[in-house]
Amino acid sequence: MDAITASDLIRLFEAWKQLFAEQREFLIALDGKVGDSDLGITMAKSFAAAAEAVAVEGEAAGIAKLLRTAGAVMARTAPSTMGTLTATGFLRASKAVDTATSLGAAEMAAFWAAYRDGIAERGKAKVGDKTIIDVLDPAVRALEQQAFNNATLSAALSAAADTAEQALENTKTMVAQHGKAAAFQEKTVGLQDAGATVGALILRKLSDFASA
């Protein structure tokens, strides 16, 4: 597809809902290695609630309002650390595309830059801290480069998802600086970060959706 409309966005949230229902047990196990094992539950609950809320809102609400609705519902449904960060990302992204009637490559780059910045500020995380930011930051830069080169939406998102997955692999070399994982310090080396895994999963599903 050339761009994601409000109607597409509703279907995208349904796809994300299905994704995190499928990945629930995997994320619980991954998070349990150095966390508190609630990540899979948090993501499944938050995206299920968001998908239902945007479907009720309807495409007439427009892209920005749908994103605000998703973020607000996520914050209420899953008030854990990752739930709050994900909600913050969508709320911040809604402001970046406030007047957009569809999301092409340029709008998508602005969307994810705002999403990244919102999470970084709320979570007080930076690149190298072994968090979702270590996936989002290079993915955003890939998106921005693709948009600058006038790439199609599907090509831009494919590049971002590929970059995110490579960045996720790179988190295995890092030492965790945030959350319960930080208490394990050097024991976190060799493990891919659970939050970064969520980021890579979101971006790959988005890429697949846009390419379908």
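Tutor: Begin with how the chain folds back on itself. This is a predicted model. Among contacts with a separation of 6 or more, 70% join residues 24 or more positions apart.

Student: Which secondary structure elements does the chain have, and how many?

Tutor: The chain has nine helices and zero strands. Read along the sequence, the pattern is α-α-α-α-α-α-α-α-α. The radius of gyration is 16 Å, close to the 17 Å that the globule rule gives for 212 residues, so the chain is as compact as a globular protein of that length.

Student: What box do the C-alpha atoms fill?

Tutor: Along the principal axes, the box is roughly 50 × 35 × 30 Å.

Student: Which residues touch the most other members of the largest nonpolar core?

Tutor: They are F13, M108, F111 and W112, in a core of 66 residues. Helix α9, residues 194–211, gives the largest share of this core, with ten residues.

Student: What does W112 touch?

Tutor: Skip residues up to four places away in sequence. W112 then touches L136, V140, L143, I202, L203 and L206.

Student: Now a single residue. Is S94 buried or exposed?

Tutor: Check its relative accessible area against the cut-off. Buried means under 20%. S94 has 1%, so S94 is buried. It is found in helix α5, residues 81–96. Not counting residues up to four places away in sequence, S94 touches A64, L67 and R68.

Student: What about D8: buried or exposed?

Tutor: Apply that cut-off again. D8 has a relative accessible area of 12%, so D8 is buried. D8 lies in helix α1, residues 6–22. Leaving aside neighbours within four places in sequence, D8 is in contact with M1, A3 and F209.

Student: Why does A72 count as partly exposed?

Tutor: Partly exposed lies between the buried limit of 20% and the exposed limit of 50%. A72 has 29% relative accessibility, so A72 falls in that class. Its place is helix α4, residues 63–77.

Student: Next, backbone angles. What is phi of K124?

Tutor: Phi of K124 is near 55 degrees, a positive value in a residue other than glycine. K124 sits in the loop between α6 (105–123) and α7 (133–148). Its relative accessibility is 68%, so K124 counts as exposed.

Student: Where is N150, and what is its phi?

Tutor: N150 is found in the loop between α7 and α8 (153–170). Phi of N150 is near 60 degrees, a positive value in a residue other than glycine. With a relative accessible area of 69%, N150 is exposed.

Note on methods. Residues numbered from 1 in each chain as written. Predicted model: local features only at pLDDT ≥ 70, side-chain atom pairs only at ≥ 80, totals over all residues. Heavy atoms only, no water. Helix = DSSP H or I, 4+ residues; strand = E, 2+ residues; numbered from the N terminus. Rg over C-alpha atoms; globule rule 2.2 N^0.38 Å. Contact = heavy atoms within 4.5 Å. Buried < 20%, exposed > 50% of the residue type's maximum accessible area, 1.4 Å probe, protein only. Core = buried A, V, L, I, M, F, W, Y, C linked by side-chain atoms within 4.5 Å.
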